[in-house]
Amino acid sequence: MDSSLIPPDELKFLLRWLEAGRADDDWDTIDAILDLSASIASDAFLPHYKESDRTEPTLTPTGVHILPAIGAALREYANAGFFAAGFDEQLGGLGLSAVVTYAILAQFSAANIATAAYPMLTAANARLIATFGSAAQIEQFALPQIAGHWFGTMCLSEPQAGSSLGDILTRATAEGKDTLGERFRLTGNKMWISGGDQDVSDNIIHLVLAKIPQADGSLPPGTKGISLFIVPKVLPDGQRNDIAIAGLNHKMGYRGTSNCLLNFGETIGATGWLIGEPGKGIAQMFQMMNEARIAVGVGAAALGFRGHRISLCYAQERSQGRLAGGHTGLPVAIFEHPDIKWMLLAQKAYTEGALGLCLYCASLVDRPQETDAGALLSLLTPVAKTWSAEYCLKANDLAIQIHGGYGYTRDFDVEQLYRDNRLNAIHEGTTGIQAADLLGRKILRDGPFAFDVATTRVMACVAEASKNSRLAGRTEALTDAWRSVVDTVNVLRSVERQTALDNATMFLRAFGHTIVAWLWIEQILAAERAESEGRVSARFVHGKERACRYFFDCELPKVRVWLAVVSAMTDVASGASIDEFC
Ligand SMILES: Cc1cc2nc3c(=O)[nH]c(=O)nc-3n(C[C@H](O)[C@H](O)[C@H](O)COP(=O)(O)OP(=O)(O)OC[C@H]3O[C@@H](n4cnc5c(N)ncnc54)[C@H](O)[C@@H]3O)c2cc1C
């Protein structure tokens, strides 16, 4: 296995922390699956990482052509059963938990996030159909995706409607009914569709948001009028559906993932089948969006992780300068310079913190019967997506800095990791949209339940950690930070909604830091338990301990400053007029 990937021991540690109740026998199977994913990631995904960046998808008369190595890697992935990893056995799946499935995704994303995007979207698409589709729809459209023969997409965005999905214009006109359900003709343009076309799977199943016109022919306003349709590239009778590839987007990163402007219904209208009832499209699509949001966080963490591993290696190999006060003798490895150690520590704290947070969220997905878990998952999903995307991008930035000028060239992978990671704060809802979701919806609108669950868990962690003398000082710091968050939320609850939301992104940053600090303490407690049971080495625990200390000493103090700005409800930004920027 390539040493720049996530060491399976890291994933095994995280899974044992998050799935503590599992039987020993299960772990043998899970460990073998993690080792297999590391080996396929290393042998089939990593080797074309740079080539798929250089050789972008191209538009040909027959459709989009992508690098054949991507198809070969995904066939290997399918043969190992990974498309089916998280599905129940009756659907042909392996029945693995969400947290194990996301751990597998982390490994493939570290190796090649653009190639890993195809199966990530496909599994989420098939799961949506399996949840809301009819038996016939599941048989026809979900099973071939679970087997890895067909791939899937999500078609939400339009050229004029990105963040604001209520404004989509794609329309669906009823045509009749057949064995696959109510059939419609769709017309409209879908922008930014990842995997929108490619030549490595036999078919592509598009999940398309569209509006069914009202009696007067107008489209229903807002998100309540949106329905969801299954629109395959190739229809069940073998005919091509009326879907034209109007263009390919040429992206900064993630270049191996084709990204298309699709025109549905340029001639007769694209055939699609309604999923469930009309008007439920956004609610249904939220299942796929939430799954993809955690996956985006996992991907961001994985890219940050790989950048950290590469820059750690470089810092030991590159000699430059002498330690302060020394003018003679051989140059030292740059690792010896404290500034480099700062940058390595920050990367470790961000990326292992983000991976812990995202897998913690995945472990909540596995507890659908627990009300507390569902509420906490809903609260933490925007944080897992956004905090990870923002801070693991910073980690990639530091990885470039450690490489000096070499990091700015295409000879090293760190610049590509940065470009790839830049997307993660944009797609699946931008940082600004996630911040408004966290504060506006999850905290202010949905009532105090989820927030109270978080408070209970943070305080339980503090109670356990305060018995541990090695964590002295950090439990108090976490308690203080959480109190500041609670005080700020109370202030925001007492003011007008728009005023409260003016500084939502800064609130998300502060809340995210506090949540990650909490989960860092949880990781330390788990690491110490693992060491006492002989599952991890003392070196592993010391590494975690050092990164946790960095986070508490250098990152957590920022929370107080950010929250002071949020609580003061400054109008420095919201009050700015366009003239003041001229
Ligand atoms: C490479 C790539 C892959 C993608 N893949 C897919 C895909 O597979 N399927 C799909 O459907 N879509 C996909 N998208 C679309 C993606 O989800 C959108 O780009 C994203 O939702 C933002 O929409 P937009 O680009 O129209 O930006 P806009 O919505 O125009 O936003 C521009 C800026 O304004 C801010 N903004 C907008 N509204 C508000 C508001 N109400 N409050 C505060 N700030 C606001 C945003 O935060 C952002 O900073 C992809 C995008 C990219 C770039």
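## Helix α17

How far apart are the end C-alpha atoms of helix α17 (residues 557-568), and what should its twelve residues span at 1.5 Å a residue? The end atoms are 18 Å apart, which agrees with the 16 Å that the helix should span; the expected span is 1.5 Å times one less than the number of residues. This is a predicted model, in which local features need pLDDT of at least 70 and side-chain atom pairs count only at pLDDT 80 or more, while totals for chains, interfaces and linings use all residues. Residues are numbered from 1 along each chain as its sequence is written, and side-chain values use heavy atoms, with hydrogens and water left out. Helices (H or I, at least four residues) and strands (E, at least two) are DSSP runs, numbered from the N terminus.

V559, W562, L563 and V566 are the buried residues of α17. Looking down the axis of α17, you will find these buried residues within an arc of 100°, so they line one face of the helix; the arc is that of the directions from the helix axis to the C-beta atoms. Here, buried means under 20% relative accessible area, exposed over 50%, and partly exposed in between (1.4 Å probe, protein chains only). The buried residues pack against α9 (371-402), α13 (474-493), α15 (504-532) and α16 (538-555), where contact means heavy atoms within 4.5 Å. On the face turned away from the buried side sit the exposed residues R560, V561 and A568. Just after α17, M569 takes a positive phi of about 50°.

## Positive phi in two loops

Y254 is not a glycine, yet its phi is positive, about 50°. You can find Y254 in the loop between β8 (243-248) and β9 (259-264), and it is buried at 8% relative accessible area.

E428 also has a positive phi, near 60°. Its place is the loop between α10 (414-422) and α11 (431-445), where E428 is buried, with a relative accessible area of 17%.

## Salt bridges

The whole structure holds 28 salt bridges, each a side-chain nitrogen of Lys or Arg within 4 Å of a carboxyl oxygen of Asp or Glu. One of them joins D413 and K50 at 3.2 Å, N to O. D413 lies in the loop between α9 and α10 and K50 in helix α3 (residues 49-54), so the pair ties together parts 363 residues apart in sequence.

K348 and E352 form another, with their closest N and O atoms 2.8 Å apart. Both K348 and E352 are buried, and together with E10 and K544 they are linked in a network of salt bridges.
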